[in-house]
Amino acid sequence: MCLAVPVRVTEILPDGMARAELDGVSMTIGVMMIENIAVGDYVIQHVGYAIARLDPEEARRTLDLIRSASTQNDGTTT
Amino acid sequence: MKHVDDYRDGDLARSLARRIAATVLPGRSYAFMEFCGGHTHAISRYGVEDLLPASIRLIHGPGCPVCVLPVGRLAAAIDLARTQPVTLCVYGDLMRVPTARGQSLLTAKADGADVRMVYSPLDAARVAEQNPARETVFFAIGFETTAPATAQTILYAERMGLDNFSVICNHVLTPPAIDAIMATPNDDGPPRLDGFVGPAHVATVTGITPFESVAARHSKPVVIAGFEPLDVLQAILMLTQQINDGRAVVENQYRRAVTARGNLLAQEATAKVFALRERFDWRGLGVVANGALRLNENYDRFDAEKRFSLSTPTMPDNPACACADILRGASKPAECRLFGTVCTPETPIGSCMVSSEGACAAHWTYGRFRDTADRPRLEPARAV
Amino acid sequence: MIAFDRKLDVARGRIDLSHGAGGRATTRLTHDIFYPAFANDLLAASNDQAVFASPGARLAMSTDSYVVSPLFFPGGDIGALAVNGTINDLAMGGARPLYLSASFIIEEGFPFADLRLIAESMGAAARAAGVMIVTGDTKVVERGKADGVFITTTGVGAVAADVDLSGERARPGDCVILSGGLGEHGVAVMIARQNLGLGAEIASDCAALHELAASMIAVAGPSIRLMRDPTRGGLAATLNEIAQQSQVGFSLSESEIPVKPGVAAVCELLGLDPLNVANEGKLVAIVDPVAAPSLIEAMRAHPLGRDAAAIGTVIEDRHRYVQMETKFGGRRIVDWLSGEQLPRIC
C-alpha cells in the first residue's frame, strides 16, 4: 500500500505547491501539509502530495543502528 | 536515489540476516504479520524471506486498498461511468480489477465509458476544471496515507468553486482492520500471530500513538517500519527481540519519517472533510465497524454517492476462496485450491490475488517457485 | 492536371480523404512527401512492386505495425521506430537488413508537416542503416478512426549460410548478455505523454541494432544461440518467451542488470519494474559461456553496446521460471505481465 518516495524540494511555488526532484526527475507536488517547508528539504511524496518531512539526522541514525546490529554477531559487516 | 538505495544494500542485509538468525531462540517459532501491501511487495520483490531463518514466518496482511475494496463499490462506479455522462478518474491500480462477468474499468473504457487514469487526486480536479460542462468523479481509495490527499483535493475544489467535481470515497483505516484480524478466530482458535510489522506511510500521517492501543489491546508487539527491505529486516529483528524479552510495545523503526503524533496538518485535513463510516464491508475481512471514511455532511455536495444516488450491490467472493484464512495467517496462498488454477493475477477470484500487493498475487508473481518440490538448485548468476 | 501540378502546402495543409483515394492527391502526396524522404530508385520507379536481386540463398522477413502516443518523443518518433524496429527484428535473426516496405494509415486532418517530419525521420533512419524503403502504401481514414498515423513496415534481409539463431536453442549453462540499460524507451514515451506531470531528460533508446548484431556474429558467430530485442513487455517478457521456446529456466543477477538512474527514479515514482518496460535499442543474447567474455568486449566497443553485461545464466527448470537473485540477496520470479504495466499508487 501507499507507494511513496522521498523527493527533494527544489523550489517553493505559490498556493502550497512546490517543485521537487528525484535523480533528475522533476515534479510539482502539494506541500501544504508540511510546516515551514524549505528548498532542500526531503519529503515523502504520495499521490502528488508531501505527507511527511524526512529527517536526515534520524535517517543517519537508523543506518548506523542497522550497521551496528549487523556487526554485533560476528564483528564484521561481511 | 537518496534515502532509498541505502536501505537496499545487499551486504548489510546479509549481516543483518545473520544477526536475526543469531537472535531467534532455538525451538521457538515466530509468526509476524506485515499489515501493509507495501511491505508485502518489498518482501516479495527483494526476496526477503530467503534471508530469514526457517523459524520466522511472515504473514501477509490485508493492507492493500485495492485488495480490500468491496467489488460492489467498483461495480457501482463502472455502472456510473457506463450509464451517466461522467468522466471517471481512477488510479492505475484499479484498471484491471474484475467485477462481475469479467467487467473491469479497462473493459468499460473499451466499451466507450470515459475512464481516465490519474496519478494524483489533484489531476482529477484539474479534469473537472478543464471540462466545466461535464461531471468528473474521482474514485478515491487508500488508507490514512492517501485520505489527506483526497481531502486536500476536495478543499481545493471547494476553494475553486468546482461544482462538477465529486468523489466516491473508499478510504479505509488501519487500526480497526488489525482489530478485525485479531478478533476473528480460525477453526482452531485465535490467529497465531506474534507481532506486527506496522505500516510506514500510514504512520507518517497518524503517528505511532494509534498503534500503542493496538499493541496494548492484543498484547502483541508492533514495529512501525519503512518500506525498504533493510527496514523490514530491522523491524523483524526488533520484533524478535521483543518476543524474546516478553515485551509487547510499539517501536518505531521508521524514525526518519514517523513521529509520535504524526502529521497534524494532514490529520486536520482528513478530519475536516471526512467522517467515520459505521460499517464498511472489507473484501476478505467482512464488515469492519468504523473501519472506513465517508465525506461528512459539510461536504455532501462533493459526495458522488449522494450526488448520483449510488447503490453498491453486495458481491460475495467465491466460497472456495481461502482469502479470509490467508489474511489471518491460517492458510498459505499455495494451500488454497483456487490458487494458480482458476485464480491468477489475470483472473483473480479473491482479494489477495487482485493487486500485486495482495498475499496471493505477490506469491504468484514473485515467489511461486518456492512451492515446487523439485525446485532447481541455483548457483548465483556470475558476471563474466 | 492543375491539381497534380500544384505542390502540397506542406507547411499548412492537412491530410483529407482524397489523399487515400488512389487518385492524383495520393500521387501528389507520395511524390511530395515520401519519395524525397526515402530517395531511392527502386521506389522512384513508381511500380506496384519493387524488383530486386536476391542477395543470397537465405532471406529473413519480418513485419511490425507501429502505434505510439505521442508520435514524437525525446530520442525518436514513430517513423524512426518503424524503421529501426523492423531492422532489429531482422537483425535478431542474424540477417543483414536490405529492403523495407512502409504502409501508412493516416487520420483525416493530420498535418502534412508532421507527416513530412515522420517520413524524413524514416528516410534518415533507413539511410543510416543502409536499407532502402522500396515500396509502400497510403490509406486515409476518417477523423477519429485512427490516432494520427499508424505505420506498418515489412523488412527483408539476407542471412549468411552459417548463421543459425533461434528461440529454441538456449541450453542450460548458457550465458545471458544484455546490451545496455533497460526501460529508456518506455519511460521516455510515458513522460512525453505529459499526463503524469513528471519532467526528465530521458530519451528513447530507439536505434538500429544490426551493426551491433553483425559485430557480435563476427566475433562469436556459432557460439551465439539466439538474440532478441526486448521491446513491449520488456526483458521479462522476452526471457519468459525464450524459456518456453527452449524449455529452460533462467537465473538472473539483478545487480548486473543496467538501469540508468533517471529510469530507475521514474519507475520508483510510478511503481513500475524496469524489467517490464519497453526498449527499442537493446538486445539480449544467449551464448555459449566460453565465448561470453570476448563477446562482451566486442559489444562494449560498439556505441550501442557500451554498457553490455552478463546478467545471468540459463538453467534447467521444467517449470520454465525466470528467477532472479535480487540486489538484496533474496530470490524472486521475474514474471511476464498480462498487459501493459500501469502506474500505481499502492
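Visitor: How many residues does the contact take from chain C, and how many from chain A?
Guide: The model is a predicted one, in which local features need pLDDT of at least 70 and side-chain atom pairs count only at pLDDT 80 or more, while totals for chains, interfaces and linings use all residues. Residues are numbered from 1 along each chain as its sequence is written, and chains are lettered from A and ligands numbered from 1 in the order in which they are written. Two residues are in contact if their C-beta atoms, placed from the backbone, lie within 7 Å. On that basis the contact takes 12 residues from chain A and, from chain C, 16.

Visitor: Which element gives the largest share of the side of chain C that touches chain A?
Guide: Helices (DSSP runs of H or I, at least four residues) and strands (runs of E, at least two) are numbered from the N terminus. Two or more residues of this side come from each of strand S8 (198-199) and helix H9 (261-270) of chain C. The largest share, seven residues, belongs to H9(C).

Visitor: What is the bridge partner of A:Ser26 in S8(C)?
Guide: Strands pair if DSSP finds at least two bridges between them. Strand S3 (residues 25-30) of chain A is joined to S8(C) by two bridges, and the strands run antiparallel. Within S8(C), A:Ser26 has as its bridge partner C:Gly199.

Visitor: Over which residues of chain A does pLDDT stay under 50?
Guide: pLDDT is the predictor's confidence in each residue, from 0 to 100, and chain A has a mean of 91, with 91% of its residues at 70 or more. Where pLDDT is low, the predicted coordinates should not be read in detail. That caution applies to a stretch for which the model has 11 contacts beyond four places in sequence, and where pLDDT stays under 50, namely residues 74-78 of chain A.

Visitor: What is the radius of gyration of chain B?
Guide: Chain B has 15 helices and 11 strands. The globule rule, 2.2 Å times the number of residues to the power 0.38, gives 21 Å for 384 residues, and chain B comes close to it, so it is as compact as a globular protein of that length. Along its principal axes the C-alpha trace spans about 65 × 50 × 45 Å. Taken over C-alpha atoms, the radius of gyration of chain B is 21 Å.

Visitor: Which helix gives the most to the side of chain B that touches chain A?
Guide: Here 45 residues of chain B are in contact with 36 residues of chain A. The elements that give two or more residues to this side of chain B include helix H2 (37-46), helix H7 (147-160) and helix H11 (229-245) of chain B. The greatest contribution, eight residues, is that of H1(B).

Visitor: Is B:Ala17 buried or exposed?
Guide: B:Ala17 lies in helix H1 of chain B, and apart from neighbours within four places in sequence it is in contact with B:Leu51, B:Leu52 and B:Leu233. B:Leu233 is 216 residues away in sequence, yet the C-alpha to C-alpha distance is 7.2 Å. A residue is buried if 20 or more other C-beta atoms, placed from the backbone, lie within 10 Å of its own, exposed if 12 or fewer, and partly exposed in between. Because B:Ala17 has 23 C-beta neighbours inside 10 Å, it counts as buried.
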